[in-house]
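Me: I am looking at this model for the first time and would like to go through it slowly, one question at a time. Could we begin with how some of its parts are joined?

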Amino acid sequence: VEKKGDYDAKAWDKDLAEWDSFVEKRVQYAIGSQIPVGYWNVWVEPDISGGSPPWKGTYAQLLELHARTYRIIHLIDPKAKVVGPSVSTFSPRFGTDDSEVIGIERFITDLNDIYNVRLDAISWHELDPYPEEIPKHAEILRRFLAAKFPGYKPELQINEISEPSYFLNPGWAVAILYYSEKAKIDWFSRACWWDIPQKGLAGGLFKPIVNFCWQGLGGLLMPDNKTPQPIYWVHKAYAEMAGKRLFSEGMQNTIALGSVDENKREIQLIVGRYRHIDWGKTRGEPANVGILIKNYPFAGDKVAVAVQNMPSYGRYAGAFERPIP
């Protein structure tokens, strides 16, 4: 739940009744309009000044915000689910004094110890160019929860993932799918971005006219909402996977996510390569990569292989009607 306008600029402790009323009306409207709400998200990125709207209160007030919101929602709809803290990074700095890193683990602990509230899902954002960190972050939270709160098993959700420089890149899309699945993340949502230069069809010109938050299904499609981009085909192939999952191992900056379909007697693989630039050094430049499938499960001397290519336009938008065989 976000309240726009000048609400965030007011003193939090003077506006509790107004906030309570706002939350009540939002939940009642959703119920009355039969709007299906999977999770109520209390506040987006309260750990940064550039949030929308920015959180201008203290860390203690942020805890109270989540506790009050959780209780109001559950009074109206006991079956409702609430997610938080939806911070901009896995190591957030909360409140007006951002000198101290206050981890998600402390937020969960304080919310429980002070207000006896446990959220239905724990959320954060992964906008840094290191998708391989996702399994590490998920494991940190699971180990913490198992040790501190046995039996408390909230969903782990990344409700914004991928940053502007690679969110249209099919290789990065494969990396995000691969590492999110490997981490057993319950839910992730692609971040959307705007003012991304569109690749011109004539003369190689670029013009910043695209807002992929409201056009193009978050970048899967062009702004006409029907013409595919390369990453559309990555997600389509991913959605069509059926059967036992396969994960590649031992290839730096190259990943393969696959499935074994026993009914069709076939293996489907999505292979992607993504590039890092660390302290001026680049990893993941284009390269020839070999993939070995161990223990191929279907008998036969010959195997039919169909290969399709989804190119990268870098950080630029570009129509791509169908994969290249």
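Predicted model: local features only at pLDDT ≥ 70, side-chain atom pairs only at ≥ 80, totals over all residues.

Me: How many bridges join strand β8 (residues 244–247) to strand β9 (residues 254–261)?

Reply: Two strands count as paired if DSSP finds at least two bridges between them. Strands β8 and β9 run antiparallel, and within this pair Leu-246 stands opposite Gly-258 in β9. The number of bridges joining β8 to β9 is four.

Me: Which residue in the turn of the hairpin of β8 and β9 has a positive phi?

Reply: The two strands form a hairpin that has six residues between them. In that turn, a positive phi of about 80 degrees belongs to Gly-250.

Me: Over how many bridges do β9 and β10 pair?

Reply: Leu-257 stands opposite Ile-270 in β10. These two strands also make a hairpin, with four residues between them, where Arg-265 takes a positive phi near 55 degrees. The pairing of β9 and β10 is antiparallel, and its number of bridges is eight.

Me: In what order do the three strands of the open sheet with antiparallel pairing stand?

Reply: The neighbours in this open sheet pair in the antiparallel sense. Read across the sheet, the order is β8-β9-β10.

Me: Why is one side of each of β8 and β10 (266–273) left without a neighbour in the sheet?

Reply: Both strands stand at the edges of the sheet. One side of each lacks a neighbour there because β8 and β10 each have a single partner strand.

Me: By how many degrees are neighbouring strands of this sheet turned against each other on average?

Reply: Axes are lines fitted to C-alpha atoms, for helices over the stretch in contact, and angles between N-to-C directions run from 0 to 180 degrees. For the neighbouring strands here, with direction ignored, the average turn is 20 degrees.

Me: What angle does the direction of α5 make with that of β9?

Reply: Helix α5 packs on the sheet, touching β8, β9 and β10, where contact means heavy atoms within 4.5 Å. The direction of α5 makes an angle with that of β9 of about 65 degrees.

Me: At what angle does α6 run to β10?

Reply: Helix α6 lies across β8, β9 and β10. Its angle to β10 is about 150 degrees.

Me: At what angle do the axes of helix α5 (residues 170–182) and helix α6 (residues 230–239) cross?

Reply: Two packed helices are described by the angle between their axes and the distance between the axes. The axes of α5 and α6 come within 8 Å and cross at an angle of roughly 30 degrees.

Me: How many nonpolar residues are there in the contact of α5 with α6?

Reply: Residues of α5, including Val-174 and Leu-177, meet residues of α6, among them Ile-231 and Val-234. Nonpolar means Ala, Val, Leu, Ile, Met, Phe, Trp, Tyr, Cys or Pro, while Asp, Glu, Lys and Arg count as charged and the others, Gly among them, as polar. Besides one polar and one charged residue, the number of nonpolar ones in the contact of α5 with α6 is eight.

Me: With which residue does the side chain of Glu-132 make a polar contact?

Reply: Glu-132 lies in the loop between β3 (121–126) and α4 (134–148). Leaving aside neighbours within four places in sequence, Glu-132 is in contact with Tyr-179, Tyr-274, His-276 and Arg-283. A polar contact is a pair of N or O atoms within 3.5 Å; within protein, one must be able to donate a hydrogen and the other to accept it, and residues adjacent in sequence count only if both atoms are side-chain atoms. At 3.1 Å, the side chain that Glu-132 meets in this way is that of Tyr-274.

Me: Which residue is joined to Gly-84 by a cis peptide bond?

Reply: The omega of this bond is about 0 degrees.

Conventions:
Residues numbered from 1 in each chain as written. Heavy atoms only, no water.
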